Amino acid sequence: MYPRNAWYVAAWAHELGREPLARKILGDDVVLFRRLDGAPVALEDQCCHRQLPLSLGKVEGDCLRCGYHGYRFDASGACVEIPGQDAIPPTAGIRSYAVVERWKWIWIWPGDPALADPAKIPDLWWCDHPDWTFTKPAMVPLACDARLIIDNVLDATHLTYVHASSIGSGGLTEVTPIIESGERHVRVSRWVLDRPPPPMYAKAGNFEGNADRWAAVEFRTPSVAINFAGCVDVGYGGPNGDLGASPRRVELVAISLPTPSTDVSCYYFFGFCRAFAHDDPEVERMFSEVMVDVFREDFVILEAQQRRMSERPAARRVSTINDRASFLARGMIERLAAAER
Ligand code: FES
Ligand SMILES: [Fe+2]
C-alpha cells in the first residue's frame with residue numbers, strides 16, 4: 001500500500017538516545033538507538049536466536065545486547081558475540097536499516113538500503129532556519145490508516161465542522177481552491193483578499209485594517225503534508241502577488257508527517273514553524289497547546305472513521321470535487337507502491 005523505497009520519519013531526534021526505542025514502521029518491527037558518537041541506528045526488533053524483541057535488551061557501546069541470552073549485535077546487524085561459545089554461525093544476524101538524522105527527525109528507509117539516497121529526504125528547511133521558530137514538537141500514535149491524515153489535511157472543508165469551536169475556517173472554504181499537481185506532489189491553495197485577518201495575524205503583524213491572506217497545503221510523496229499560511233498587506237497577495245515586497249508579512253508553516261505503522265495505524269509527527277513573534281510566550285503557547293488541541297479534534301474523527309471502515313470495508317463511498325486533491329495524492333502513493341511490486 002505504501003512504497004518501501006522512500007524516507008519516513010521514525011522518531012523525533014530528541015526522542016532517540018542510548019535506550020532502545022521500538023517502532024513498527026510499514027509493518028516492520030524496528031528498534032532504534034544512538035551509537036556513542038550520536039549517530040542513529042535502526043535494526044530489526046527481533047533476536048535471531050529465540051525472537052525476543054531486542055528493544056527489551058541493552059545498548060552497550062555501539063552494540064545492542066539481547067535481554068534474554070545475551071547475543072550481541074553491532075550497528076550493521078551482525079551478531080558479534082554469543083555468550084558461552086566462540087564460533088558465531090554465519091546465519092546469526094539481523095536486518096539493519098538506512099537511517100539519517102535531518103530537520104530534527106530521524107528518517108528511515110524501509111526498503112533496499114542500497115537505494116537509500118539522503119538527497120531524497122524531503123526539504124523541510126524551516127525547521128532549522130534561524131529566521132524561523134520551531135514549536136515544541138509532537139508525535140501521536142493514531143489507530144487509523146496514515147492516508148486518512150493526508151485526506152484530512154488536503155480537504156479544508158472540514159474546518160467549518162470539525163473545528164467549528166476552535167479555529168473554524170474564517171471564510172477560507174468559501175473561496176475556490178487552486179489545485180496544482182505534478183508526479184510527486186499536489187498543492188491546494190486558497191487566497192482571501194482584502195479582508196480582516198484572523199486576530200493572531202493582526203496582532204503579530206500590526207495589521208489594523210484588511211489584509212491579503214493565504215492558506216495552502218502541499219502533499220509530497222510518500223507521506224509529507226505541509227500547510228502554508230499567513231498574510232501580507234492588501235495588494236501583495238494573490239496567485240501573482242509579490243509577498244516579499246509587502247511591508248508587513250506574517251507567515252507560518254505546519255508540517256505533518258504521518259508514518260504508516262500498519263494498514264490501520266500510524267505515528268503522526270507534526271510541528272509548527274513561524275516567522276514572527278519569536279519570543280512571544282503567548283504565541284508559543286498558541287502553537288504548543290492550543291493548536292495541538294485543534295489537531296486532537298481531528299484525531300477523534302480519524303479513529304472513528306477507521307473503526308467504521310474496518311468494520312465495513314465494502315461500504316459505498318461517494319466522492320465529490322473536494323476529494324480531488326486526496327484522490328491525486330492517493331494515486332501517487334499507489335503508483336509508487338505498485339512500481340515496487
Ligand atoms: S532470544 Fe536473544 S539471545 Fe536468546
Ligand atoms: Fe483538521
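Is Gln 51 buried or exposed? With 9 C-beta neighbours inside 10 Å, Gln 51 counts as exposed; a residue is buried if 20 or more other C-beta atoms, placed from the backbone, lie within 10 Å of its own, exposed if 12 or fewer, and partly exposed in between. The model is predicted: local features need pLDDT of at least 70 and side-chain atom pairs count only at pLDDT 80 or more, whereas totals for chains, interfaces and linings use all residues. Residues are numbered from 1 along each chain as its sequence is written, and chains are lettered from A and ligands numbered from 1 in the order in which they are written.

Gln 51 occupies the loop between strand 4 (40-44) and strand 5; helices (H or I, at least four residues) and strands (E, at least two) are DSSP runs, numbered from the N terminus. Its phi is positive, about 70°, although Gln 51 is not a glycine. Leu 26, also not a glycine, has a positive phi of about 50°. This leucine lies in the loop between strand 2 (21-25) and strand 3 (28-34), and Leu 26 is buried, with 21 other C-beta atoms within 10 Å. Most residues other than glycine have a negative phi, and most peptide bonds are trans. A cis bond joins Thr 221 and Pro 222, with omega about -5°; Pro 222 sits in the loop between strand 15 (211-220) and strand 16 (224-232).

Strand 7 (residues 72-73) is joined to strand 8 by 2 bridges, and Arg 72 has Glu 81 as its bridge partner in strand 8.

Among the helices, helix 4 (residues 281-311) has 31 residues and spans 45 Å from its first C-alpha to its last, close to the 45 Å expected, that is, 1.5 Å times one less than its number of residues. Helix 4 bends by about 30° at Phe 287, the bend being the angle between axes fitted to the seven residues ending there and the seven starting there. Phe 287 is buried, as are Val 283 and Leu 302 of this helix. The elements covering these buried residues include strand 12 (138-142), helix 1 (146-154), helix 3 (199-205) and strand 18 (265-274).

Note on methods:
Two residues are in contact if their C-beta atoms, placed from the backbone, lie within 7 Å. Two strands pair if DSSP finds at least two bridges between them.
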